[in-house]
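Visitor: I am new to this structure and would like a close look at a single part of it. Could you take me slowly through the place where the two chains meet?

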Protein chains: 2
Amino acid sequence: MAEREVRGGGVQIVEVGPRDGLQNEEKALAVEDKVELIRRLVAAGLRRIEAVSFVNPRRVPQMAGAEEVMAGVERLPGVSYIGLALNRRGLDRALAAGVDEVNVAVPATDGFCVRNQGCTVAEMMDAFDGIAAACLEAGTPVSVTVSTAFGCPFDGETPPERVAEIARRAAAAGAWEVAIADTIGVGVPRQVADLVGRVREAAPGAVLRCHFHNTRNTGYANALTAVEQGVTVLDSSVGGFGGCPFAPAATGNIGTEDLVYMLERGGSATGAELGEVSRTAEWLGSRLGKTPPAQLSRAGAFPAGG
Amino acid sequence: MAEREVRGGGVQIVEVGPRDGLQNEEKALAVEDKVELIRRLVAAGLRRIEAVSFVNPRRVPQMAGAEEVMAGVERLPGVSYIGLALNRRGLDRALAAGVDEVNVAVPATDGFCVRNQGCTVAEMMDAFDGIAAACLEAGTPVSVTVSTAFGCPFDGETPPERVAEIARRAAAAGAWEVAIADTIGVGVPRQVADLVGRVREAAPGAVLRCHFHNTRNTGYANALTAVEQGVTVLDSSVGGFGGCPFAPAATGNIGTEDLVYMLERGGSATGAELGEVSRTAEWLGSRLGKTPPAQLSRAGAFPAGG
């Protein structure tokens, strides 16, 4: 796990570009491009990276080659690579590949869980208990991401108490960190403040992380609110790639470079180097043949060169 | 002036699409399209609309036909049309055209003022004194927008005390409302909180309005911070049109539909009808041949149909 993970007064960014950023892109990156992307992100100062997903590559071809990616990345002190696993088979692959951390996504709504993960939320929570126990035994930190925490494309509004209950159970099962994720980008700041309070109460021993999509242009305001509420860990994706499969024309994750700009210019250290992140966004855009949805690489830093 | 201008707990939106939204677009809209745009905005519930600019149409061809636009729009109780004027000649045109309110932009930095308005800030403030006196005599409310308040493409960082001083002088000269504008979209929430405090202290009798661009994805977070600081009037542009001439590839004003989504879902009434605003953004996009930078018309409301 990263040593510099939470600095005083700072915000730790979990860079999810190689996983959430890529998994909905039409074009699947080659293993060597994924390794190069991760190398550039580490060089830009990012210290926790959601690098791979151990889902079935026949279902999500963009995530194929997870073992090869993990074998290809340089292991450095203070840099933590996170692997996503949704079941025991994925976990076994993740542990064999030597990830530094395991993350498990548990949707808060059955409509999404059944379609995305082929089981109900209750079944997924049972699966999490088993995964968490195996992680504890293996000595690998495990975190949970509560997806569709702010709304579900199938079930509509998500009852916040359900999010809190999943957080409580996951923490009790061994999750050291609990994330609330606005998977489809419908959340607004007031919801962030409400959910942060509820999850903190439900899982007081866990580190709280937030994951926002900018699908409706609320993502950065949500991130700001999370930080104002004392959240110190935020997910973001270099270039803002990561479209939502349920809103194909819309942008995806909040972008790392735009988040770093807002936070650093506002006085919160992130450890990331803005120019390097921005250039990595441009490089990734060129590999994907797309303009980054995040804006800093186009608009430029301010003051210029800063 | 609009009767419903500031409701309890609500936020009043000044729709700047017909002016700031259009003035940097490559394609100039015909007068009848501008009139139709304004008709649709009023039908969507917007009550203060920056409708026209009385600048030299040879310098800004997109703003040609201001008199014809004012002659073409329907005058309705509670609906206020704002005309921008930068000098005495523009003011005379604005008053003759029968605008409900006059707005004057006063840059906070000489670099921008000289290039954009052909005079220094000190000269522009002197001009404002004359414009304000004439407005008071004519019985037409006059407001000031302090542009480049968060940063200048030529002079770099803007000293906040300069913004406060312009606000103080403008209020003393008769401005009933003072806006701080992030013309080039470099501001961050911490700056918003700082500037709001300073301007409020400098011009305690004036209504405070904020104007944000989303050039670096900080616009909505800035709007949120302004509202949290008690600001009750925000500028936005339907569709988020209004690119900055100094960052050609970047998006412009914060978009009205995305702002309405964030505010209304967060419990702040705006009086605007989200679906109608969103459809107006699509309509304007079709007239300009561009996809709106704001995202709601692509991503859809949440819950669906809401």
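Visitor: Which of the residues of chain B comes closest to the rotation axis?

Guide: In this predicted model, the residue of chain B that comes closest to the rotation axis is Ala221(B), whose C-alpha lies at 2.0 Å from it. As for the axis itself, chain B can be laid on chain A by a turn of 180° and a shift of 0.0 Å along the axis, with an RMSD of 0.0 Å. The two copies are therefore related as by a two-fold rotation axis. The contact draws 40 residues from chain A and 40 residues from chain B, and because 100% of the interface residues of chain B are also interface residues in chain A, the copies meet through the same surface. Between the two chains an area of about 3100 Å² is buried, with carbon and sulfur atoms giving 56% of it.

Turning to the pairings across this contact, there are 20 residue pairs in polar contact between chain B and chain A, counting those with both residues at pLDDT 80 or more. On the side of chain B that touches chain A, at least two residues each are supplied by helix 8 (189-202), helix 9 (219-228), helix 10 (256-265) and helix 12 (296-299) of chain B, and helix 9 of chain B provides the largest share, five residues.

How values were computed. Residues numbered from 1 in each chain as written. Chains lettered and ligands numbered in written order. Predicted model: local features only at pLDDT ≥ 70, side-chain atom pairs only at ≥ 80, totals over all residues. Heavy atoms only, no water. Contact = heavy atoms within 4.5 Å. Buried area = accessible area lost by both parts, 1.4 Å probe. Polar contact = N/O pair within 3.5 Å; in protein donor to acceptor, adjacent residues only side chain to side chain. Helix = DSSP H or I, 4+ residues; strand = E, 2+ residues; numbered from the N terminus. Least-squares fit on C-alpha atoms with pLDDT ≥ 70 in both.
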